[in-house]
Amino acid sequence: MASSKLQAFLNHPAGPKTGELLGIFACYVHCWMFDELSIANIADFTKPPENISYPQQIAVLATGLIWSRYSTQITPKNWNLVCVNLAMAGTSVYQLSRKLRQDYFSEETVAKE
């Protein structure tokens, strides 16, 4: 009986032979990691815009968008991962907007020019 269940598991369309199990595990791990990145980005909302890094926030934005797309293409679709990555992309857009406002649209910058 145990061997038939094991064989059924091994031969399942979403079983370990197809890589789907690894994909599901990877999405679960990435979901938590990206959730922590979003929380860290939210914690940085109170920091001054001078400390925001363009390359870092662009990387966070690109990562969020790429993984959002990936999580809609795998089987089964991982909607939790989509939400987490869209949140991560959203926080980076907000951080980038703060930095752009400070660098190009603040009254101090206009007065210098």
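## Salt bridges

How many salt bridges does the count come to? The count comes to two, where a salt bridge is a side-chain nitrogen of Lys or Arg within 4 Å of a carboxyl oxygen of Asp or Glu. Please keep in mind that this is a predicted model, in which local features need pLDDT of at least 70 and side-chain atom pairs count only at pLDDT 80 or more, while totals for chains, interfaces and linings use all residues. Residues are numbered from 1 along each chain as its sequence is written, and side-chain values use heavy atoms, with hydrogens and water left out.

One of the two pairs Lys47 with Asp44, with 3.3 Å from N to O. Lys47 has a relative accessible area of 44% and is therefore partly exposed; the cut-offs are under 20% for buried, over 50% for exposed and anything in between for partly exposed (1.4 Å probe, protein chains only). Asp44 is also partly exposed, because its relative accessibility is 25%.

## Helix H4

The other salt bridge joins Asp103 to Lys99, whose closest N and O atoms are 3.8 Å apart. Both residues belong to helix H4 and sit four residues apart, about one turn of the helix. An α-helix has 3.6 residues a turn, so residues three or four places apart point the same way. Asp103 is partly exposed because its relative accessible area is 24%, whereas Lys99 counts as buried because its value is 9%.

H4 covers residues 79-105, which makes 27 residues. Helices here are DSSP runs (H or I, at least four residues), numbered from the N terminus. From first C-alpha to last, H4 reaches 37 Å, close to the 39 Å expected at 1.5 Å a residue; that expected span is 1.5 Å times one less than the number of residues. Among the buried residues of H4 are Leu81, Val82, Asn85, Gln95 and Arg98.

## Ser71 in helix H3

Ser71 is part of helix H3 (residues 54-73). Ser71 counts as buried because its relative accessibility is 0%. A polar atom of the Ser71 side chain lies 3.0 Å from the backbone oxygen of Ser68.

Which residues does Ser71 contact, leaving aside neighbours within four places in sequence? They are Lys77, Asn78, Leu81 and Val82, with contact meaning heavy atoms within 4.5 Å. Leu81 and Val82 are among the buried residues of H4.

## Phe9 in helix H1

Phe9 lies in helix H1 (residues 2-11). At 41% relative accessibility, Phe9 counts as partly exposed.

Note on methods:
Helix = DSSP H or I, 4+ residues; strand = E, 2+ residues; numbered from the N terminus. Polar contact = N/O pair within 3.5 Å; in protein donor to acceptor, adjacent residues only side chain to side chain.
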